[in-house]
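Please read the following walk through the model with the structure open beside the text.

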Amino acid sequence: MKSFLLFLSCFVLTKSFAQSFSKVDSIVNKYPRYYTSPDKLAALINKDFKEQPDKARAIFTWLAGNVQFDVKEASNKVVFRYATQEEKIAKEKKYKNELVLKALREHKTTNRGYAALYEVLSKACGLECVTIQGYLKSAPDDISKIPTTVNHIWNAVKIDNKWNFVDTTIAAGSVDANGEFKAYFNDGYFFTTPEVFFLNHYPSNEKWLLIERNKQDFASLPLFYGDYVKATYKIVSPALGHLDVTENNTVTFKIEGLDPTVMVSYFTDGRNKMEIMEQNEATMEYTAVVDKATDKFITLYINDKLIATYRLI
């Protein structure tokens with residue numbers, strides 16, 4: 001537990017360090033949307049940018065800004081039938097190429113396609129890049145659940161002998177309650193520090209944690225959403241995703257770096273309505289009233305943006 005709390009304090013220190021890529025974004029946002037091959041897009045990126053971080057960002061910005069998540073295709077299972085290892089490799093390579101071309105031409109893909117295209121473009125731009133399989137914490141029921149299956153894919157790109165995490169799938173947007181993709185560019189998932197990336201990603205190969213954490217640490221976390229990943233404030237407490245409700249049916253959150261004039265609200269599944277938290281401006285603590293009999297989860301909103309969900313016990 002000590003190491004886990006130390007991780008949270010390190011998260012407070014490392015989350016705010018980020019290079020500005022506004023100039024790169026402004027150039028890439030003027031790029032054409034249609035390309036017949038990844039080499040043509042890579043050639044444009046290589047012409048406009050010489051530094052490796054700028055190239056990595058250009059790929060990220062174009063991909064997250066122009067390709068939508070394919071909700072229908074994501075529900076289809078991919079199964080390869082093969083007789084030899086050579087046949088397996090050949091089929092996987094063919095499938096990867098098909099994903100890349102579809103993402104470019106149809107501007108929609110699954111997490112496999114986002115990761116495949118990011119890797120192909122990176123290598124065409126002279127960057128060392130890998131695709132990582134693992135687990136994404138994405139629903140309230142995932143709180144306290146040990147990750148056991150693969151449900152997501154992302155990338156790591158090597159710059160100046162350091163691996164940097166990139167997730168263009170969730171940087172592009174999210175799927176709403178009606179099952180529809182909503183575009184929402186989130187650059188919090190570009191060059192994300194290992195401490196912050198760990199908040200909702202757990203790799204199958206634990207060498208890609210890049211920090212000393214384990215599955216129990218991950219399971220114990222709340223469900224953090226994209227707007228928290230890129231925020232400048234920090235939720236200091238509670239540290240864990242499962243909350244013991246007090247005898248007076250309240251839970252309290254302590255938040256550092258938040259403007260006191262910002263509205264903090266919450267939603268509980270039992271009452272099914274949004275309510276304003278009571279604020280202690282001196283301590284920057286916010287208190288919510290819950291009903292242990294009906295409420296299983298509490299979700300925190302800051303300025304009407306979805307931030308984190310906790311399990312009530």
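In which loop does asparagine 200 lie? Asparagine 200 is found in the loop between α9 (194–197) and β9 (201–203), where helices (H or I, at least four residues) and strands (E, at least two) are DSSP runs, numbered from the N terminus. This is a predicted model, in which local features need pLDDT of at least 70 and side-chain atom pairs count only at pLDDT 80 or more, while totals for chains, interfaces and linings use all residues. Residues are numbered from 1 along each chain as its sequence is written, and side-chain values use heavy atoms, with hydrogens and water left out.

With a relative accessible area of 3%, asparagine 200 is buried; the term buried stands for under 20% relative accessible area, exposed for over 50%, and partly exposed for what lies in between (1.4 Å probe, protein chains only). Not counting residues up to four places away in sequence, asparagine 200 touches Tyr135, Leu136, Lys137, Tyr189, Phe218, Phe224 and Val229, a contact being defined by heavy atoms within 4.5 Å.

Helix α3 (residues 38–48) packs with helix α7 (residues 111–124) at an angle of about 50°, their axes being 9 Å apart; axes are lines fitted to C-alpha atoms, for helices over the stretch in contact, and angles run from 0 to 180 degrees between N-to-C directions. α3 and α7 are therefore oblique to each other, given that angles under 35 degrees count as roughly parallel, over 145 as roughly antiparallel, 65 to 115 as roughly perpendicular and the rest as oblique. On the α3 side the contact is made by Pro38, Asp39, Leu41, Ala42 and Asn46, and on the α7 side by Leu117, Val120, Leu121 and Ala124. By class, this contact of α3 with α7 has 7 nonpolar, 1 polar and 1 charged residues, where Ala, Val, Leu, Ile, Met, Phe, Trp, Tyr, Cys and Pro count as nonpolar, Asp, Glu, Lys and Arg as charged, and the others, Gly among them, as polar.

The axes of α3 and α4 come within 10 Å and cross at roughly 135°, so α3 and α4 are likewise oblique to each other. Here Leu41, Ile45 and Asn46 of α3 meet Lys55, Ala58, Ile59 and Trp62 of α4, and the residues of this contact divide into 5 nonpolar, 1 polar and 1 charged. α4 and α7, in turn, pack at an angle of about 145° with their axes 10 Å apart. That contact joins Ala56, Ile59, Phe60, Trp62 and Leu63 of α4 to Tyr114, Leu117, Tyr118, Leu121 and Ser122 of α7, with 9 nonpolar, 1 polar and no charged residues.

Tyrosine 31, leaving aside its neighbours within four places in sequence, is in contact with Leu41, Leu44, Ile45, Asp48, Phe49 and Trp62.

Leucine 312 lies in strand β19 (residues 305–312) and, at 11% relative accessibility, counts as buried.
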